[in-house]
Every structure is written in C-alpha cells, then in structure tokens.
Amino acid sequence: MNQKSIELAKDPDLTGSLVAIRRAAQRARQLAVSTNTELVVLRNGKCVHIKPSGVPKPR
C-alpha cells in the first residue's frame with residue numbers, strides 16, 4: 001500500500017477527495033441527528049451502530 005499523503009497526489013481529483021469525504025461524513029452526522037437515526041461506522045474492523053451526539057434540528 002502507498003504510504004504517501006493523499007494531499008501530495010498529482011491528480012487534483014485525488015487531492016480534493018479527502019475534503020469531500022470529510023464533508024460527506026459531516027452531512028451524514030447532521031442528517032442522523034435531525035432524523036434521530038443511528039450511524040453505522042467501522043471500529044476495530046467491526047460495523048457498529050452509534051447514536052450521533054447533538055441536538056436534533058427542526059427540518
């Protein structure tokens with residue numbers, strides 16, 4: 001596996017992908033809070049359902 005930082009990639013789409021993934025994760029957390037649903041995350045190689053922290057926002 002390549003150990004170089006993704007920010008150092010020559011492909012502009014690849015360098016921006018980390019920012020896009022983080023933005024998508026934040027939106028998923030916001031949506032889970034507003035709909036009172038659990039998130040499914042991978043922790044220590046296992047899928048885990050977690051309740052997002054935060055106050056539900058009216059839609």
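Valine 41 is located in strand S1; a strand here is a DSSP run of E with at least two residues, a helix is a run of H or I with at least four residues, and both are numbered from the N terminus. Before I continue with this residue, colleagues, please note that this is a predicted model, in which local features need pLDDT of at least 70 and side-chain atom pairs count only at pLDDT 80 or more, while totals for chains, interfaces and linings use all residues. Residues are numbered from 1 along each chain as its sequence is written, and side-chain values use heavy atoms, with hydrogens and water left out.

Let me begin with confidence. The pLDDT is the predictor's confidence in each residue, on a scale from 0 to 100. Its mean over the chain is 84, and 86% of the residues reach 70 or more. Among the elements, H1 has the lowest confidence, with a mean of 90, and S2 the highest, at 93.

Next, the overall layout. The chain contains 1 helix and 2 strands, and from the N terminus the order of the elements is α-β-β. Of the 59 residues in the chain, 7% are buried; buried means under 20% relative accessible area, exposed means over 50%, and partly exposed lies in between, with a 1.4 Å probe and protein chains only. The chain exposes about 5400 Å², of which carbon and sulfur atoms supply 58%. These areas come from the Shrake-Rupley method with a 1.4 Å probe, and for residues only the protein chains shown count as cover. As for contacts (heavy atoms within 4.5 Å), residues 24 or more positions apart account for 10% of those with a separation of 6 or more.

I turn now to the strands. How do S1 and S2 run, and how many bridges join them? They are antiparallel, and 5 bridges join them; two strands pair if DSSP finds at least two bridges between them. Leucine 39 has isoleucine 50 in S2 as its bridge partner, and valine 40 is partnered by histidine 49 of S2. S2 is hardly covered, as the count of buried residues among its 5 residues is 0.

Returning to valine 41, this residue counts as partly exposed because its relative accessibility is 25%. Beyond its neighbours within four places in sequence, valine 41 contacts Lys46, Cys47, Val48 and Ile50. Arginine 43 also belongs to S1, which spans residues 39-43. With a relative accessible area of 47%, arginine 43 is partly exposed. When neighbours within four places are set aside, arginine 43 is in contact with Val48 and Ile50.

Asparagine 44 sits in the loop between S1 and S2, the latter covering 46-50. The hairpin of these strands has 2 residues between them, and there asparagine 44 adopts a positive phi near 55°. Why does asparagine 44 count as exposed? The reason is its relative accessible area of 83%.

Asparagine 36 occupies the loop between helix H1 (12-35) and S1. Its phi is near 55°, which is positive in a residue other than glycine. At 55% relative accessibility, asparagine 36 is classed as exposed. The side chain of asparagine 36 makes a polar contact with the side chain of lysine 51, at 3.4 Å. A polar contact is a pair of N or O atoms within 3.5 Å; within protein, one must be able to donate a hydrogen and the other to accept it, and residues adjacent in sequence count only if both atoms are side-chain atoms.

Finally, the helix. Leucine 18 is part of H1. Is leucine 18 buried or partly exposed? It is partly exposed, at 23% relative accessibility. Not counting residues up to four places away in sequence, leucine 18 touches Ile6 and Glu7. From C-alpha to C-alpha, leucine 18 and glutamate 7 are 8.0 Å apart in space, and they are 11 residues apart in sequence.
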